[in-house]
Amino acid sequence: MDYLQLLKTEIERRYGRQPESPVDYNELALEIQKATGKNISSYTLMRIWGHVKNTSSPRQDTLSNLARYAGYTGWKEFVSKADALADSAAPSEGVSSGIYD
């Protein structure tokens, strides 16, 4: 499961759009700072969204701050809830889908 992509989708939903320009990333960085009290640079956001070259994964504290902006207590809660949602959406063993019955 691509947790980072799921988190970016939730952030875009709260922000109201997908960031596309440097101005968008500056605005999103300000929104995150206002909502969480934590600073994430617009350049870091551009790396996470793939708009500039990235050679490393985001740091744990960055992921937690992004998760807080999305409404979670941190990265661990976000991953846990994403896993729980995926588990509840997966078909149970032995349950007929009705397609080939």
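Visitor: Why does K81 count as partly exposed?

Guide: In this predicted model, K81 has a relative accessibility of 46%, and since buried means under 20% and exposed means over 50%, that value falls in between, so K81 counts as partly exposed.

Visitor: What makes the pairing of E77 with K81 a salt bridge?

Guide: The closest N and O atoms of E77 and K81 are 3.1 Å apart, and because the cut-off asks for a side-chain nitrogen of Lys or Arg within 4 Å of a carboxyl oxygen of Asp or Glu, the pair qualifies as a salt bridge. Both residues belong to helix α5, which covers residues 75-89, and they sit four residues apart, about one turn of the helix. E77, for its part, has 23% relative accessibility and therefore counts as partly exposed.

Visitor: Which residues do salt bridges with shared partners join into one network?

Guide: That network consists of R17, D24 and E27. Within it, R17 forms a salt bridge with D24, and their closest N and O atoms are 3.2 Å apart.

Visitor: How do you know whether D24 is buried or exposed?

Guide: The relative accessibility of D24 is 12%, and because buried means under 20%, D24 counts as buried.

Visitor: How much space lies in the largest pocket, and which residues are closest to its centre?

Guide: The largest pocket holds about 170 Å³ of space, and of the 14 residues that line it, T44, R47, P58, R59 and T62 are the closest to its centre. The elements that give two or more residues to this lining are α3 (42-48) and α4 (60-69). Sorted by class, the lining has three nonpolar, eight polar and three charged residues.

Visitor: How many helices and strands does the protein chain have, and what share of its residues is buried?

Guide: The protein chain has five helices and zero strands, and buried residues account for 32% of its 101 residues. The chain exposes about 6800 Å², of which carbon and sulfur atoms supply 49%.

Note on methods
Residues numbered from 1 in each chain as written. Predicted model: local features only at pLDDT ≥ 70, side-chain atom pairs only at ≥ 80, totals over all residues. Heavy atoms only, no water. Buried < 20%, exposed > 50% of the residue type's maximum accessible area, 1.4 Å probe, protein only. Areas by Shrake-Rupley, 256 points an atom, 1.4 Å probe, with all protein chains shown as cover. 1 Å grid on protein atoms, 1.4 Å probe; cavity = no way out; pocket = protein on both sides within 12 Å on 5 of 7 lines; lining within 4 Å. Points joined across faces, edges and corners; volume = space filled by probe spheres on them. Nonpolar A, V, L, I, M, F, W, Y, C, P; charged D, E, K, R; others polar.
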